Amino acid sequence: MAITDILAFTQALDQARNELLDLSLRNRALALRPAAKSARALHIVDEQTVQVYERLVEMSRAFTFKTASELPSGTPQVAVDQKARVIAESNKRHTDSYLQTALTPDALAKRLVALERDARTAIEEQGTNLLFLALGELAWYEDDNSDIALHAPLVFVPVQLGRDPKATSEAQRFQLTIREGEEIFGNVSLAARLKQSFGIDVPMPDIEEDSFSIATYIETIAQRIKAMVRWRIEPNGIVLGFFSFQKYLMFLDLKQERWPEGKSLEEHPLFGPLLLDGLPGTTPPFQDNVAIDVLISPEQLDHVVDADSSQALAIEKVRRGVNLVIQGPPGTGKSQTITNIIATAILDGKRVLFVAEKKAALDVVKRRLEHEGLNPICLELHGAGQSSAKMLSSVMDAWRLGAPVLKGNSKTIIEFTRRREAVNEIPRTLHTPILPAELTPYQIIGHLCMLQENGIEV
């Protein structure tokens with residue numbers, strides 16, 4: 001690829017990556033509303049980010065919740081000799097197992113029920129967690145003329161809400177814990193927006209470093225934005241809510257530095273042209289109106305589920321290396337076709353990665369493959385309930401299978417061919433002209449039907 005093409009590709013790739021992040025103010029990661037009464041967010045008050053992070057992440061311990069009625073009414077006017085006791089009580093409040101809220105008991109219980117239900121639904125339908133505890137906030141302004149401060153979280157901790165049946169109150173029945181095995185990360189959308197709009201570089205937190213300190217990280221960001229007069233860091237801004245990072249991994253995977261030498265994105269035969277001038281035109285290996293029985297021999301009909309002629313042609317095109325898009329409304333057999341494509345590809349010794357935006361689409365195809373006894377070829381790479389032990393077990397099951405073996409035999413193929421030819425003979429006979437009339441049986445039947453409709457006996 002020429003230097004000019006590489007520059008154009010890099011610009012197109014950067015634009016595509018930023019579109020994955022959604023840098024508009026519709027993105028909750030850029031514009032939280034502290035005063036909003038959304039059922040999809042719970043604002044935590046009178047807590048300290050450092051203590052919350054230490055208990056939740058470093059100690060892997062759970063939190064429950066306190067209501068507004070359980071909050072202190074304010075710091076009392078006390079004598080000097082009482083200050084030590086007040087400070088001690090404050091420190092105890094910030095290091096206990098409760099996250100304090102400003103909601104009434106009924107309102108808090110309803111909010112937690114809604115959060116727990118929606119979080120479970122997201123995992124069931126999409127196979128991914130959307131519930132995070134956001135720690136630290138940047139209050140920023142879209143431009144110099146804006147009077148509305150936008151609040152953007154700084155660090156996202158993946159969490160889950162569970163229930164403790166022994167709890168004495170509805171609010172404390174819910175326990176907040178970290179989701180083990182999932183990544184803690186910074187606000188990549190905020191970093192991209194600040195770089196794009198203000199030229200400010202915001203680093204991402206290196207959580208894997210033993211020396212990582214969330215307080216130091218927040219202070220680093222405070223130093224980066226100190227030139228912005230009205231902006232401010234709220235280190236103890238904490239929100240439990242839903243944030244969609246489904247495309248975050250795609251954003252990371254499209255970073256050119258992540259790809260090994262000799263396999264760069266701009267050199268990929270499909271990816272490079274897709275971002276620039278489009279894929280080159282190709283001549284299809286056969287027309288869509290081709291006689292399928294002439295095109296595909298009985299030995300090649302390796303479909304594991306039923307397929308009509310149009311589906312069979314699509315499967316054959318994929319098998320011959322054609323890139324294509326299959327489009328159709330619900331119930332037209334897309335899942336059947338995908339199932340057959342995967343099965344035939346595995347039979348041909350190929351590797352298949354099947355991805356979908358909704359978990360339901362993955363489950364439909366997986367169930368079809370399992371129903372046909374092909375469960376060992378299905379390895380779930382991601383999803384709720386998946387673990388390294390389950391993945392290793394799936395790999396071992398597939399390993400023990402060995403190479404694919406056809407259950408059919410030559411007698412079956414011969415019999416199938418004979419019956420298919422007998423069926424195909426019917427339309428051939430119907431459409432073959434009969435001498436001396438030079439009319440086909442199909443035409444003759446049509447004429448007879450027309451005569452009968454006109455009252456002429458035949």
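This is a predicted model: local features need pLDDT of at least 70, side-chain atom pairs count only at pLDDT 80 or more; totals for chains, interfaces and linings use all residues.
## Overall form

The protein chain has 458 residues, of which 33% count as buried. Its secondary structure comes to 15 helices and 8 strands.

The radius of gyration of the protein chain is 32 Å, whereas a compact globule of 458 residues would have a value near 23 Å. Along the principal axes, the C-alpha trace spans about 120 × 60 × 60 Å.

## Salt bridges

In the whole structure, a search finds 22 salt bridges. One of them joins the side chains of Arg179 and Glu182, with an N to O distance of 2.9 Å. Arg179 counts as buried because its relative accessibility is 15%, under the 20% limit for that class. Glu182 has a relative accessibility of 32% and so counts as partly exposed.

Another salt bridge is formed by the side chains of Asp201 and Lys195, at 3.2 Å from N to O. Asp201, at 43% relative accessibility, counts as partly exposed. Lys195 is also assigned to the partly exposed class, at 45%.

## A link between distant parts of the chain

The side chains of Glu380 and Lys366 meet in a salt bridge with an N to O distance of 3.9 Å. This pair links distant parts of the chain, its two residues being 14 residues apart. Lys366 belongs to helix α12 (359-371), while Glu380 sits in the loop between α12 and α13 (388-401). With a relative accessible area of 36%, Glu380 is partly exposed.

Shared partners also occur among the salt bridges: Arg40, Arg117 and Asp118 are joined into one network in this way.

## A negative surface patch

Glu183, Asp206, Glu208, Glu209 and Asp210 form a negative surface patch. Asp206, one of these residues, is located in the loop that runs between α5 (188-198) and α6 (214-224).

The relative accessible area of Asp206 is 42%, so the residue is partly exposed. Membership of a patch requires over 30% relative accessible area and no salt bridge.

Terms used
Residues are numbered from 1 along each chain as its sequence is written. Side-chain values use heavy atoms; hydrogens and water are left out. Patches are made of residues with over 30% relative accessible area and no salt bridge: like charges are joined within 9 Å, nonpolar side chains (Val, Leu, Ile, Met, Phe, Trp, Tyr) within 5 Å. Accessible areas come from the Shrake-Rupley method with a 1.4 Å probe; for residues, only the protein chains shown count as cover. A salt bridge is a side-chain nitrogen of Lys or Arg within 4 Å of a carboxyl oxygen of Asp or Glu. Lys and Arg count as positive and Asp and Glu as negative; His and the chain ends are not counted. The place of a charge is taken as NZ of Lys, CZ of Arg, CG of Asp or CD of Glu. Helices (H or I, at least four residues) and strands (E, at least two) are DSSP runs, numbered from the N terminus. Buried means under 20% relative accessible area, exposed over 50%, partly exposed in between (1.4 Å probe, protein chains only). The radius of gyration is taken over C-alpha atoms; the globule rule is 2.2 Å times the number of residues to the power 0.38.
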